[in-house]
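Please keep the sequence and the 3D view open as you read.

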Amino acid sequence: MKKIANFAPRGAPLATFEMYGTSQNVRLPAAATATAISDSSIRATFMQMSKPNVQIKKDGFASLSEKIPMMDDHQEFLVAVTPSIALFDQTFIDYHPNVRILAVNFIQKICEKLGRDIVEFAPKIFPSLLLYSCDTEQEISNAAKAIFNGYFSTSEKKNAIISKLRSEISLRIKYSYNDLKDMEKHFSNNDEIENWGRVASATLILSTLLLSACKFAPEVLSSFGDVQLRRWISLKDAKFLPQSTTQMRSSAYLYIAINTQNDFFGNEYADLILKLIGSESSPLCQSRLIKLISIYMDKEYLTTEKVRSAILPALTLYYDPIKTGIPALLTRIADQSFVESALNTVSSLPDIELANLFFKILFDLSSDRIELKPSNDCLYQLFNGAISKTPPSRFLGQVDLKYFVGISSDPRVRSSLESGNDDRATEYLQYLDTQSCVDWLKTRETIGINTIIRLIKNLGSTIIRKTWPSIIDIPIEKASDQKRAELIQLYARTDEMPAIIKQFPETVRYFLPNWSAGYDCLRCDELLAMTGELLKQSIGLYRILIQIFPQNEKIESEMEEAILNEIQENEEADPVLFEYYTKPTEKVLTAFLNCLSVEVLEPGDKIIPLLVDHIPKIINDTKQNNLAEQVYKFIESSQIDPLSIDIHPKDNPVFYLELWEKIGFDKLPQDKFIELLSSTLNRKCPWLEIFLYIRNIDWTLVPSKLWDYCSLHPELSELAIKNNDVISLSAICASNNLSYDKLPKTGIVLEALSLIEPPMNINNDLISSVIQNEWNHFTPKSNLISNENLTISLRQVINVLEHSAPIIMSIDEFVPFIEKGAKSDNKFDFFLTLRILSILRDIEMRFDSLQETLQTVIDKSVEFYPLPSPVEREFASAMRIAQLLSPNKFLTLLKLVGHHFTSPTSKMLSKQFSQLIRYFNVWDIIECRLESNLNLTNPLSWHLIVLSLEIMPYQKRMDMVNSFTSELFSIFDSLSIESDDFINLISTFPATAFDWSTKLSNNILHPLNREMTKRGTQRVFEILAKKLKKVKLGNTTIQTNVRNMTISCVYVEDAASVPIKMDITLPDIYPFRREKVSCNIDKGENSSDLRSRVAAAIIQGQGVEAGIRSWHNYIVKELQEKEPCTICYSYLDDQQRIPKVKCSVCGQKFHGACLSKWFAHCLQPTCPFCASPWKPKG
């Protein structure tokens, strides 16, 4: 035997190496050896770790790993090493891997601390460390090997130290075998059983490792004691014992194999091995078992027949036959009968992959040795099953038929081909000659499309055409359109395509994408007719269709419709479409911009420049509600420069603001920001310059994000001054609280800071002078009015008029400015002109062109409408100057502007002209419809009628009101029942409204009644209440109660009289139901007559006011014609009765109740009036 060189651990002197293997290894518990440690906490930890608690052990290792290696006293540390080694050793049998890895890490720290002293403790540490290196947990095994390899880096050194420590390692193995016996006695759960298998496996591996290192010395084997391997790997009811784990069995087979190979064992395991062949299922164990079988056959402990009989039924257990070494074993034991039996066995396997693998192994085996080749009968039986329409197993239904080519001449094969599965037949035919294929095809009445496709792919189309010249001739069984398309792609000739498209139109969408035979053959009317349907089915076909039919308008139109439908249904469209659809319509681009796909664009997509050009075209489209949001998403996904989109703030301020709010104003150039600010302010309030002038501006109109950005950038004021932008400068100054001390004192700054009084004596430009005048810093002079700027000129005129009105003798010098201002398209000029006209009315100064000027002003008011409240008030004040016109000129003006009463300004103009009509007392102009210049077929023109009727004298109104009713039915029909115009009209013409409602169908009347009940009647009542407040009747008060919809009228002749009352209650759908009238006069004839009078007056006079006046007139007349009771001096008594009891002498009438009271105080009944004895008449 070769002498083994001495090796020492790395870092230990060679002289001390001889000490290895000489120490006595006495196995004591860690707690017992820890008593010598002086540190009580460490001692207590060792004591605690003897308890079977996982957490205590984890905490203990953590504590010991920290404390022991950190001991300052080295001698004390050496005392602690012994219990540490003992703890490391005894932890190996712990089930929990996380505890064992802590033990390995702990001993590593001990070894590092030991340094050269490792030599002394090596016989105690390394045997256990080697056992840990055989652990089945890879992490633990690797950690232990890393420590061991740190000292012994080469295999020679490892073998040398193992050999040197053979006694200690043998003893540790013996202890481990003893541990296994003890562990078997206390099995209580699966964890303990699994742990037993782990310890057994590691012990067997270490045993094998030691035997190998010691050159299989017999004394080493004998030192292990009685290893009960047979019992460990024995079977019970053909099953392994629970503790016989995979790792343990694998180690056991290796252990037996090595010992058998080295003649330590004989044939004592032969009978067990034969049983194990049919029970072992682990590939690792199977591999070692097969090697063990080979060793037993080499030693002639097992015969070929015995192995053959054992392996045949067990083949299906070997799921990885190559890895386990089955081919080599079969080569050694197989004969023809075994091969045939094996083929039949594996052909029924449910695992197709495993069956294929065994088929290959067996056929490869028979091809190498002719005597093993299966018989034709065996092969035919397998082939017949494989080609059958109902194969006996899944495997035979898909097995490669090349294995059966050798029996192709067998007559039975042709019969099986004709009756079998067509697809399987074609698989087989690819291995045969052409004629065999043709002969087989001629036997088919119908054929599956998969069969044809497979034949074409494998053998080409020539064979098919020998049987069926055209694709249309092939008797194909029912097939999907996709499969037909695949066949067309493979088989069709170009000259057949028009006929194929006509015969199989459903297949076109499937074969077009993969068509490679040129597009000329597809350019036919049949395909052109179906392009629209094709695009609906698959929009991507456009790329091909446009190549087949270039520049075809029909396809372009169909493509547009297809994309729009795609976006409508799915809210997206693939941007790749536009790689070839290069001229999309505006509708398509708009739809794409508003769909989800705009968010997935990538830089470089072809649609991006198209959208960049398209966006400016649709900004003003009122239907584009979320355009800014979509354009922002487009910019983000395409990563383009937002300024590359040709949009200007002045043209599209709303969109521009919404877009840059999302992008961020900090990314917008400042000059563009100023332009955006100015445009936004002018859009929000086109009259902003006027609000600055009248010093009444509300900056809340500035969008918050614009305001916030301005407040952070006061330097923007410099740019606004440079651009002469008063509005923007004013907003910037307001947001930053800038004043004159922070800005140059120029005219534009004075305009922008209109709310702050400017410093005195700033006169560096014309506008500064004007503003100084407006703040009364000095008196303006009329001879200094400028002709350079109309706005400044008008402001100067106002300054002169306001300062010098009492002494102005002529305004001729101002008239040219007034006329120009009236015609100006500038809103500020318009406002200034209004103010001048208002001042002129106050000082009663007129001019020759006043009528024409007023006409122009009215025209401009229509152009500039709607007017903000201050401007509308200025307009109303200015219109008073029309009172200075002659009546004829006023009527001429009214007729000239009559067409404006059908414009949105109708209500505003009607307010002014109705007052002027009253001023001139020309009510007849209303009745004649402004001499036919008032178009009453337009609902807007009725504002003038309603307002005029409201303020004209009552009798005039009664004479005129019913002359307008003929046009009202069509007006009512045209108005929304919820609109103010509708409510105003039915309030003014309630009787006509009632007549109109009687002619309505139920489907109109029911919604009308619901609306009136809900809110309409209350609105009408509120209007009536306002009108009745203006009604003044002698001795009468009129009160309204909106809650009860009641109008109460009370007439009181004097303080002593009993009040005469009338209530008019409106129904909940007034005026579409009549009012209820109640009076406190007797329930007799007079009362009934009075109610009738009131009701008739309401109808005739178009309103409640007429009824109230009729009641009042009746009461007054009655009181004048009839005398009151001379006892109470009242017309009515407390019971609301009139005087009826008449004296027969004087004829005077009294209330019955009053007379009774009178008689009660008389000795004899006498007439209260004539004092004669009472004799009632009748």
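The sections below go from the overall fold to a few aromatic pairs.

## Overall shape

This is a predicted model. The protein contains 62 helices and eight strands. Its radius of gyration is 58 Å, whereas a compact globule of 1178 residues would come in near 32 Å. Along the principal axes, the C-alpha atoms fill a box of roughly 170 × 100 × 95 Å.

## Surface and interior

Of the 1178 residues, 50% are buried. The accessible surface is about 55,800 Å², and carbon and sulfur atoms contribute 49% of that. Among contacts with a separation of 6 or more, 64% join residues 24 or more positions apart.

On the charge side, you will find 127 positive and 142 negative side chains, with the centres of the two sets 5 Å apart.

## Aromatic pairs

The whole structure holds 47 aromatic pairs. In one of them, the ring centres of Tyr177 and Trp232 are 6.0 Å apart with planes at 40°, so this pair is tilted. Tyr177 sits in helix H9 (residues 166-184) and Trp232 in helix H12 (residues 229-232), so the pair ties together parts 55 residues apart in sequence. Tyr177 is buried at 2% relative accessible area, and Trp232 is buried at 4%.

Now look at Tyr693 and Phe831: their ring centres are 6.2 Å apart and their planes lie at 80°, so the pair is edge-to-face. Tyr693 belongs to helix H39 (residues 688-693) and Phe831 to helix H47 (residues 827-842), which places them 138 residues apart. Tyr693 is buried with a relative accessible area of 13%, and Phe831 is buried with 1%.

## An aromatic cluster

Tyr542, Phe578, Tyr580, Tyr581 and Phe592 come together as one aromatic cluster.

Conventions: Residues are numbered from 1 along each chain as its sequence is written. This is a predicted model: local features need pLDDT of at least 70, side-chain atom pairs count only at pLDDT 80 or more; totals for chains, interfaces and linings use all residues. Side-chain values use heavy atoms; hydrogens and water are left out. Helices (H or I, at least four residues) and strands (E, at least two) are DSSP runs, numbered from the N terminus. The radius of gyration is taken over C-alpha atoms; the globule rule is 2.2 Å times the number of residues to the power 0.38. Buried means under 20% relative accessible area, exposed over 50%, partly exposed in between (1.4 Å probe, protein chains only). Contact means heavy atoms within 4.5 Å. Accessible areas come from the Shrake-Rupley method with a 1.4 Å probe; for residues, only the protein chains shown count as cover. Lys and Arg count as positive and Asp and Glu as negative; His and the chain ends are not counted. The place of a charge is taken as NZ of Lys, CZ of Arg, CG of Asp or CD of Glu. Rings of Phe, Tyr and Trp (its six-membered ring) pair if their centres lie within 6.5 Å; planes under 30 degrees apart count as stacked, over 60 as edge-to-face and the rest as tilted.
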